[in-house]
Amino acid sequence: MILIQIALNALALGAAYALVAIGFVLVLNATTAVNFAHGEGVVAGGFAAVALAVILPPGIGIPGFLLLPGVLVATAILGLLIGALAYLPIRNRPPVTVFVTTIAVGIIIANGLNATFGAAPRTAPPLIGVGSIEFLGASISRQSLAIIAIAGALITGLALLLQRTQLGRQFRACAQDPEMARALGIRLTRITMISFALGTAFAGAAGLLLAHQFFISPSDGGILILKAYIAVVIGGWGSLRGATAGAMLIAIFEVGVATLWSQPLAEGLLYVAVLLVLFVRPQGMFGEPQQVRA
Amino acid sequence: MPTLPSLPLLPKLLRHILALAAGTFAVFVFPLNAQAEPLRVPVLVPITGFLSLEGTSQGNGAELALSGSEIDFSVTDTATAPEIAINAFERAVDAANVIAVVAPMLGTQMLALVPLADEFGIPLITVSGTAKITELGSPNVFRFFPGDVVVKAAQARYAVEERGAKRPAILSQTTAYGQSGRAELEANLIGLGVPPVFQEALDISVKDMLPALLKVQQSGADALLLHLHAGPTALVIRHARALGLDIPIIAGSAMHQPETAALLEPDELNGVCAESGSSPVSEDWLGIRNFVDAYRRAYDREPDAFALGQYDGVKMILAAVEAGARTADQVRTYLQTERHTGLAMTYKSDGKGNMAHSAVIICYDGTDQAPQVVKRYDNLTGVL
């Protein structure tokens with residue numbers, strides 16, 4: 001019973017983290033640089049859900065997942081702004097310049113959210129209602145099930161986009177060899193901006209999923225970008241599959257290992273695992289051996 | 001016919017007149033200029049970062065007390081890093097006539113500022129709950145919120161004496177605040193003959209409380225005592241209710257804050273209690289009602305005990321000024337020796353700078369998000 005609860009909680013948390021990590025990789029593949037404002041994209045999504053929730057009639061119990069389209073649109077627009085402000089003007093400069101500009105934009109977003117919504121943690125409406133259901137003697141949160149379902153649908157949708165559409169082929173071409181892609185007539189700037197929009201939209205979706213069960217506050221972005229970075233390091237730099245696996249591993253440590261031992265020990269062991277990956281298999285679990293790590 | 005003085009006499013006469021005028025100017029004008037320099041109380045509080053909720057309350061309380069007074073003040077954000085607080089302090093005390101500083105309630109920042117306060121001889125007025133800040137032997141720290149020694153005693157006594165806890169569990173934060181409170185809580189429970197059956201410290205970034213709560217459940221605990229910041233407190237309560245963990249939860253001061261209660265549904269709050277120095281929104285008498293109304297008008301939000309404690313602390317500085325204090329030394333002496341009747345309670349230093357010696361327990365009844373005061377513990381240290 002406890003194992004089922006732990007597994008489902010880890011799966012739910014891992015699914016949300018996977019959305020964050022996947023969005024991070026989408027931008028990474030398009031720009032070869034790290035978007036340090038990505039954590040603030042998650043936070044912005046959570047607050048977009050908080051803001052949009054006022055349009056839901058109170059007391060009627062309309063599910064919060066109905067806010068998903070609005071959150072996706074709002075954070076996609078935010079992604080375009082991040083790309084336009086923090087990347088396009090300096091895209092021919094060294095990647096470290098993008099670090100600085102995206103950090104700056106992230107701070108602006110965090111302080112803007114603080115000024116608009118205040119410093120307090122906020123909660124969004126529950127995705128499909130509160131409470132839990134009994135399954136094999138375990139009490140399973142409806143929220144956890146909803147997080148798994150929605151994240152799964154989004155990840156599946158992205159996989160179909162990348163594998164079955166012309167746009168997806170262009171994404172993959174740009175990630176593999178931007179210069180060749182440009183030579184073949186693919187508009188690199190367009191793909192880059194779509195990557196920012198899509199990546200930040202995924203981050204925003206994660207914000208919506210996390211905001212009820214785990215709350216959201218303007219200062220959460222730093223921790224979330226760190227989790228995305230760790231997931232990508234473990235899973236493989238530039239690998240979407242690896243990012244998902246890395247995110248799940250983080251959740252297993254945060255939920256499973258923390259239940260077995262303690263939270264501080266679980267966090268320490270997670271970073272030991274990161275170091276081991278870097279020493280033994282630096283390209284990550286699913287990464288290619290010859291990668292430029294920004 | 002009168003004639004003008006001769007040329008050699010005119011400069012001498014003019015020199016005398018000018019000297020007389022200059023002397024008059026020096027006697028009357030310079031003291032006026034010196035008196036025109038206002039007394040200053042800089043307000044340094046964490047407005048951003050993980051303690052931003054509490055820090056904003058602290059800043060609002062100080063600002064409300066200082067507004068309209070003769071004291072010049074400005075509010076500076078110290079975020080979360082000690083070095084930011086140090087830089088802010090050094091910039092603040094660079095101005096003339098600083099008689100006291102409202103210091104950040106974040107324990108790690110306070111610990112960094114205490115040596116500086118001693119070096120500059122500036123009293124620090126704070127609502128930080130971290131026990132250690134008044135254990136460093138500094139004459140310049142004045143805490144206007146009951147320290148862990150007081151509130152953790154109230155929390156432990158309420159859990160054991162009122163709720164009948166025999167197997168309590170403790171969840172605390174890994175921050176300095178969390179560690180100091182946990183130690184006091186454990187000591188109080190042991191002193192009451194009820195040692196905790198389970199304890200765990202949680203990082204401020206932990207979102208999923210299931211691992212800790214499962215272990216609380218497995219320990220057979222019959223009460224859960226929390227010493228966490230606002231967000232984690234609400235997370236524990238939400239996840240405990242989702243897990244079906246139905247034991248009494250007696251939380252730390254963070255739970256009294258209206259913003260923390262607003263994160264939870266009324267039925268999630270049912271049976272949740274918390275310790276605090278006060279609960280302004282729960283009180284009915286005129287002085288508190290006026291404070292609450294003024295706070296709501298000024299900030300469009302509900303005040304909490306941190307705002308009220310800081311308000312009372314600043315009011316005591318103003319009382320010192322009214323009594324004739326004009327320097328940091330005079331303000332310090334006043335704070336060390338005098339008693340002050342504030343809105344939350346009566347304050348008096350215990351010799352170490354702990355000014356507040358009473359606590360309340362508030363509980364939510366599950367019908368709304370406004371708590372009621374169910375128990376008062378006055379003068380727990382015997383100082384008053």
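Colleague: How many residues does the largest nonpolar core have?

Modeller: The largest nonpolar core has 218 residues. A nonpolar core here is a set of buried Ala, Val, Leu, Ile, Met, Phe, Trp, Tyr and Cys residues joined through C-beta atoms within 7 Å. Buried means 20 or more other C-beta atoms within 10 Å of the residue's own, with C-beta atoms placed from the backbone. This is a predicted model: local features need pLDDT of at least 70 and side-chain atom pairs 80 or more, while totals for chains, interfaces and linings use all residues. Residues are numbered from 1 along each chain as its sequence is written, with chains lettered from A and ligands numbered from 1 in the order written.

Colleague: OK, and which residues have the most contacts inside that core?

Modeller: Those are A:A16, A:A21, A:A205 and B:V101.

Colleague: What does A:A16 touch?

Modeller: Leaving out residues up to four places away in sequence, A:A16 touches A:I147, A:A151, A:A206, A:L209 and A:L210. Touching means C-beta atoms, placed from the backbone, within 7 Å.

Colleague: Switching to chain B, how much of it is buried?

Modeller: Buried residues are 54% of the 384 residues in chain B.

Colleague: And what size is its C-alpha trace along the principal axes?

Modeller: The trace of chain B spans about 115 × 40 × 35 Å.

Colleague: How many helices and strands does chain B have?

Modeller: Chain B has 13 helices and 14 strands. Those are DSSP runs numbered from the N terminus: helices are H or I with at least four residues, strands E with at least two.

Colleague: Where do α12(B) and α13(B) meet?

Modeller: B:M316, B:I317 and B:A320 in α12(B) meet B:V331, B:Y334 and B:L335 in α13(B).

Notes. A residue is buried if 20 or more other C-beta atoms lie within 10 Å of its own, exposed if 12 or fewer, and partly exposed in between; C-beta atoms are placed from the backbone. Two residues are in contact if their C-beta atoms, placed from the backbone, lie within 7 Å.
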